[in-house]
Amino acid sequence: DRIDEAMAVLHTAASEDNSDAHSELGRIYLLGDGVDACLNHAKHHLDIAAESEHMYALHVLGALYGVKGALETDLTLSLAYHERAIAAGNYASIAWLGNAYYFGYGFEENIETALSYYRRGVEVLDGCCLATYGYHLLRVESDAESALQCFKASSTSGDHEGQYYYGECLLYGWGCEIDYVQAVNQFRLSAESGYVPAMYKLGSCFFEGIGCETSYDNALMWLLKASNKGHAEAMYKAGLCFSNGYGVPINHTVANNLFQDAGEHRVAYGYYLLAHSYLHGHG
C-alpha cells in the first residue's frame, strides 16, 4: 500500500538498466495497478525489458501485437515476440499461440499448428496446454483416457481449467471410475482460483448433494458468485434458491430477475421458470 515509494524504487532500478524493474513497470502501467493505466508508458518499459530477452516482457508484447484494441495489430511481430518468449522460458506463450491458432484468435484458424504448440506445452508440463490439449483429445478425438492424464497433470500444476476438467472426468466417469468426492475437491480448487464454470459446478454439487452433504447456503454462495460473473445456468439455479427458500428467505422478485437474466443469456429454462412465476402469481 505504499505505491509511490514502490514506483520510486522501481524507477531507480530501471534507470540502472534492471530488466526486471522495466518489466514490472510495464505490467503496472499496462494494468493500472495502483497507478493510472498508460499503454505508452507500459510499452516503453516492456520494449526495454524485451531488449534483454526478458520472458515476461516478450510474452506481453506478443499478446499486445496479437489482439485488437491494444497496439496496432501485427501478427508477424506477435509471433516473433512469442517465439522469443518461449526460447527465454515463458511457456505461457506456447499456450497463447496454441489457443490463437486453435480458436482463430487474431491468427487464421489452423488446428494442426495449434496442436503442435499444445504438444510442445505438454512436453514441458504447461498447465494451460495440458488442459486445452486434453479438451481436444476428449471432445474431438474421443480419447477419454489420454485426456484424463492431461487433465490430471494440469490439475497438479495448479491450472484452474485443468482442475475443472479433471473434476468433470471424475464426476461423469470419463476415462476413469466415478469419484464424486474427488470431483467436488477439484471443483473447489478451481472455483477458489476464480474459474467461473467451476463455481457453478461446485454450487450445483452443494445444491444436489453430489459428493458432499446438501448445503443450500454453500450452493447459493457459489451460484451467486458464478451468476455475478455472467454464468447463465447459475442465474436460474440461484433463482430457484430464492423462489423456494433454499438457504435464503423466499424472495420471488429476486428469483424472477434471475430467471429473466438467465433467459436473456440464452438459457431458455430461465424463461420457462419466469413464465411459471407469471402463471402462479409469484412476485
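Reply: The cover over the buried residues of α1 includes α2 (19-31). Here, cover rests on contact, that is, heavy atoms within 4.5 Å. Helices are DSSP runs (H or I, at least four residues; strands are E, at least two), numbered from the N terminus. This is a predicted model, in which local features need pLDDT of at least 70 and side-chain atom pairs count only at pLDDT 80 or more, whereas totals for chains, interfaces and linings use all residues. Residues are numbered from 1 along each chain as its sequence is written, and side-chain values use heavy atoms, with hydrogens and water left out.

Helix α1 runs over residues 3-15, and its 13 residues should span 18 Å at 1.5 Å a residue. The expected span is 1.5 Å times one less than the number of residues. The end C-alpha atoms of α1 are 18 Å apart, in agreement with that value. Its buried residues are Met 7, Leu 10 and Ala 14. They cover an arc of only 65 degrees around the axis, so they sit on the same side of α1; the arc is that of the directions from the helix axis to the C-beta atoms. Buried means under 20% relative accessible area, exposed over 50%, and partly exposed in between (1.4 Å probe, protein chains only). Asp 4, Val 9 and Ser 15 are exposed, on the face of α1 turned away from its buried side. After α1 comes Asp 17, with a positive phi near 65 degrees.

Helix α9 (residues 144-157) can be read in the same terms. Its 14 residues should span 20 Å at 1.5 Å a residue, and the end C-alpha atoms are 20 Å apart, which agrees. Ala 147, Leu 148, Cys 150, Phe 151, Ser 154 and Ser 155 are its buried residues. Viewed down the axis of α9, they fall within an arc of 165 degrees and therefore line one face of the helix. They pack against α8 (127-139), α10 (160-172) and α11 (180-192). The face turned away from this buried side carries the exposed residues Glu 145 and Thr 156. Just after α9, Gly 158 takes a positive phi of about 95 degrees. In the loop between α8 and α9 lies Ser 142, which has a positive phi of about 55 degrees although it is not a glycine. Ser 142 is exposed, with a relative accessible area of 61%.

Cys 150 is buried, with a relative accessible area of 8%. The closest cysteine sulfur to its own belongs to Cys 169, 10 Å away, too far for a bond. A disulfide is here a pair of cysteine sulfur atoms within 2.5 Å, and the structure holds zero of them. Ser 155 is touched by Gln 186, a residue of helix α11. Gln 186 is buried at 9% relative accessible area, and among its other contacts, not counting residues up to four places away in sequence, are Gln 163, Tyr 166, Gly 167 and Leu 170.

A nonpolar core is a set of buried Ala, Val, Leu, Ile, Met, Phe, Trp, Tyr and Cys residues joined through side-chain atoms within 4.5 Å. The largest such core has 63 residues, and Phe 151 is among those with the most contacts inside it, as is Tyr 118. Leaving aside neighbours within four places in sequence, Tyr 118 is in contact with residues including Ala 95, Tyr 102, Phe 103, Cys 129 and Tyr 133. A second, separate core of 12 residues includes Ala 50, Leu 58, Val 60 and Tyr 65.

Over the whole protein chain there are 16 helices and zero strands. Buried residues make up 45% of its 283 residues. The C-alpha trace spans about 70 × 45 × 35 Å along its principal axes. Among contacts between residues at least 6 apart in sequence, 40% join residues at least 24 apart. In the loop between α15 (252-264) and α16 (268-280), Arg 266 has a positive phi of about 70 degrees although it is not a glycine, and at 81% relative accessibility it counts as exposed.
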